[in-house]
Amino acid sequence: STSRPRLTAAAVVSSPYCATAAADRLRGKGAAATLYRLHLTLALRRFAGAHAAPLAAAVAAVHALQCATGLDAFIDGLAAALPPSPTAGGTAAATVDAAAAFLASASTADRVPHIRTPTLFLCAADDPLAAPPPRAAVAANPHTVLAVTARGGHLGFLTGATGLGRSWAEDAVTQFLAVFAAGGAGHDWRVVPAAARVSTGT
């Protein structure tokens, strides 16, 4: 059999590592959170409609997903497919437990300590959706480096005084990966890429 090529480096941009934290951010009252919540709810409804047949095998109330009036309603509909909590029974607490379990199962923050491929995490403090990965876990793992910028939004990172220029995130990721493409990372590859440092004035 043909062996798969080894991944030598990776970059993760604006990923919602903790689904619970992401849902909490989207429940915010700010304009950005409201717009993201509306956009995501509509996108999820379209997804449910386009994949109704395969979803029906796991989620009985597919129609409810297609008609969900908000993000929490959609999450509750998906969570209903999970096995009920043995302690909550059929109470309202069961719905809360199921939703919490669903969000926890969709999170990847607890996997950061297990990363063995050099990885750059790039995110913005003002991201209305994705909170940064656990700083302590990233710092403790010799294979990961974290760059958190003050501005950038969700997958934005736009240049220019008006914030309408090109995204500099591509430059930061390219600079990071170029170190490994050159054939050797050396001992200082965990330095934040220059594009990220310049964009934040650090």
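What pattern does the chain follow, read along the sequence? In this predicted model, the order of elements is β-α-α-α-α-α-α-β-α-β-α-α. The secondary structure assignment gives 9 helices and 3 strands.

The 3 strands make up an open sheet, arranged in the order E1-E2-E3, with parallel pairing. Because strand E1 (10-13) and strand E3 (144-149) each have a single partner strand, they stand at the edges, and one side of each is left without a neighbour in the sheet. On average, and with direction ignored, neighbouring strands of this sheet are turned by 15° against each other. In general, the strands of a sheet pair through backbone hydrogen bonds, in either a parallel or an antiparallel manner. Here, E1 and strand E2 (residues 119-124) run parallel and are joined by 4 bridges. Within this pairing, Val12 has Phe121 in E2 as its bridge partner.

Helix H8, which spans residues 169-181, lies across E1, E2 and E3. The direction of H8 is at about 165° to that of E2.

Values for the whole chain complete the description. The chain has 202 residues, and 35% of them count as buried. Its accessible surface is about 11600 Å², with 63% of this area belonging to carbon and sulfur atoms.

Methods:
Residues numbered from 1 in each chain as written. Predicted model: local features only at pLDDT ≥ 70, side-chain atom pairs only at ≥ 80, totals over all residues. Heavy atoms only, no water. Pairing = 2+ DSSP bridges. Helix = DSSP H or I, 4+ residues; strand = E, 2+ residues; numbered from the N terminus. Axes fitted to C-alpha atoms, helices over the stretch in contact; angles between N-to-C directions. Contact = heavy atoms within 4.5 Å. Buried < 20%, exposed > 50% of the residue type's maximum accessible area, 1.4 Å probe, protein only. Areas by Shrake-Rupley, 256 points an atom, 1.4 Å probe, with all protein chains shown as cover.
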